[in-house]
Amino acid sequence: MSVRLTIAKNGNMKVRTVGVIPKGDMNQLFSIAKNKLKLKKPSRVFDPNGQELTVEQFSNLKNDEYFLFLFLF
């Protein structure tokens, strides 16, 4: 099952894209961030409240539940 997520660049939140990602596949999320947001090395994922998402939390996402920020390490 796949989920539809909106991901945004941490430094410039106007730069964002929507991706359809297999549930629990963080590597696919990083790949979309690298290609669509032109990030060199995305490394961490955050929810809108600033909490870093763990693999367990990521595998429980639902469509459009989180607005994700990607942070350059």
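This is a predicted model: local features need pLDDT of at least 70, side-chain atom pairs count only at pLDDT 80 or more; totals for chains, interfaces and linings use all residues.
User: What is the order of elements in the protein chain, from the N terminus on?

Analyst: The order is β-β-α-β-α-β. That comes from 2 helices and 4 strands.

User: Why are β1 and β2 called paired strands?

Analyst: Pairing needs at least two bridges between two strands. Strand β1 (residues 2-9) and strand β2 (residues 16-22) are joined by 7 bridges, so they count as paired. The two strands run antiparallel. Two of the facing positions are Thr6 opposite Val18 and Val3 opposite Ile21.

User: How many residues lie between β1 and β2 in the hairpin?

Analyst: There are 6 residues between the two strands of the hairpin.

User: Why is Thr17 called buried?

Analyst: The cut-off for buried is under 20% relative accessible area. Thr17 has 18%, so Thr17 is buried. Thr17 sits in strand β2.

User: Which residues is Thr17 in contact with, leaving aside its neighbours within four places in sequence?

Analyst: Thr17 is in contact with Leu5, Thr6, Ile7, Ile32, Lys36 and Leu37. Contact here means heavy atoms within 4.5 Å.

User: Which residues of β2 are on its covered face, and which on the uncovered one?

Analyst: Thr17, Gly19 and Ile21 make up the covered face. Arg16, Val18, Val20 and Pro22 make up the uncovered one.

User: Is Arg44 buried, partly exposed or exposed, and what makes it so?

Analyst: Buried means under 20%, exposed over 50%, and partly exposed is in between. Arg44 has a relative accessible area of 27%, so Arg44 is partly exposed. Its place is in strand β3 (residues 42-46). Arg44 and Phe30 are 14 residues apart in sequence, and their C-alpha atoms are 8.7 Å apart in space.

User: How do you know that the buried residues of α1 are on the same side of the helix?

Analyst: The buried residues of helix α1 (residues 26-36) are Met26, Leu29, Phe30, Ile32 and Ala33. They cover an arc of only 160° around the axis, so they are on the same side of α1. The face turned away from that buried side carries the exposed residues Asn27 and Asn35.

User: What is the phi of Lys38, the residue that follows α1?

Analyst: The phi of Lys38 is positive, near 60°.

User: What makes a set of residues a nonpolar core, and how many residues has the largest one here?

Analyst: Its members must be buried nonpolar residues joined through side-chain atoms within 4.5 Å. The largest such core has 15 residues. Those with the most contacts inside it are Leu5, Ile7, Ile21, Leu29, Val45 and Phe58. β1 and α1 each supply at least two residues of this core. The most come from α1, with 5 residues. In soluble globular proteins, nonpolar side chains tend to be buried together.

User: How much of the protein chain counts as buried?

Analyst: Of its 73 residues, 34% count as buried. The accessible surface is about 4,800 Å², and 48% of that belongs to carbon and sulfur atoms.

How values were computed
Residues are numbered from 1 along each chain as its sequence is written. Side-chain values use heavy atoms; hydrogens and water are left out. Buried means under 20% relative accessible area, exposed over 50%, partly exposed in between (1.4 Å probe, protein chains only). Accessible areas come from the Shrake-Rupley method with a 1.4 Å probe; for residues, only the protein chains shown count as cover. The arc is that of the directions from the helix axis to the C-beta atoms.
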